[in-house]
Amino acid sequence: MSILKVARMGNPVLRRRTPPLEPAEIATPATQRLIDDMFETMREYAGIGLAAPQVHEDLRLFVAGVDDPDGGLPPIVMINPEIEPLGTAIEDDWEGCLSIPDVRGRVPRPTDIRVRALDRHGAPLRMTAQGFAARVIQHETDHLDGVLFLDRMRSFESLTFLQEYERYWDEADGKGG
Ligand code: NI
């Protein structure tokens, strides 16, 4: 496996809308290897999700996985994901992004979603997600449409460098450590 180079904000690759993968493409060794490399890259940089455009691949897929008391997410691959909000509840919470290093900001997202996607074998994947897991899935799916979390912020008042986030906001948000 390999650790891949992560594109940073300003790289046009992050602003493209990716085309869906065909089932035949999913099974190829190149795609399967990419998925393994994306997991390795995500873990190397302590990310909780990584979308193909972030590693310079114009493909509609992402990997994610996180332990979180507020709704963790086991390691998962989503290909051609489609998201539908369940209900109207929207919550603001902190997000970061491997393509926007050392910055955090509060982003409003629907708290409950339904997702339809394909898994790494091309099999249909249907699930609902809540809280933090729902947030991660929405953040990563946005990457597949060329959208960054900054685009979703209501205002930039909460835009914060990581050091200041840890100093002033991390404990206040109940997610110390
Ligand atoms: Ni991101």
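**Salt-bridge network.** I looked up which side chains join up through salt bridges, and I found E95, R109, R135, D142 and R152 linked in one network; a salt bridge here is a side-chain nitrogen of Lys or Arg within 4 Å of a carboxyl oxygen of Asp or Glu. I note that this is a predicted model, in which local features need pLDDT of at least 70, side-chain atom pairs count only at pLDDT 80 or more, and totals for chains, interfaces and linings use all residues. Residues are numbered from 1 along each chain as its sequence is written, and side-chain values use heavy atoms, with hydrogens and water left out.

**D142 and its partners.** I took R109 and D142 next, whose side chains meet in a salt bridge at 2.8 Å, N to O. This pair links distant parts of the chain, with R109 in strand β5 (residues 100-110) and D142 in helix α3, 33 residues apart; helices (H or I, at least four residues) and strands (E, at least two) are DSSP runs, numbered from the N terminus. Both R109 and D142 are buried, where buried means under 20% relative accessible area, exposed over 50% and partly exposed in between, with a 1.4 Å probe and protein chains only.

I then followed D142 to R152, and the side chains of these two meet in a salt bridge at 2.7 Å, N to O. R152 sits in helix α4 (residues 149-152), 10 residues from D142. D142 counts as buried because its relative accessibility is 7%, whereas R152, at 40%, is partly exposed.

**E82 and R116.** The structure holds 12 salt bridges in total, and one of them joins the side chains of E82 and R116 at 3.0 Å, N to O. E82 lies in strand β3 (residues 73-85) and R116 in strand β6 (residues 112-118), so the pair ties together parts that are 34 residues apart in sequence. I checked accessibility here as well: E82 is partly exposed at 47%, and R116 is partly exposed at 41%.

C97 in strand β4 (residues 90-97) and H143 in helix α3 (residues 131-144) are 46 residues apart, a pair linking distant parts of the chain. I recorded both C97 and H143 as buried.
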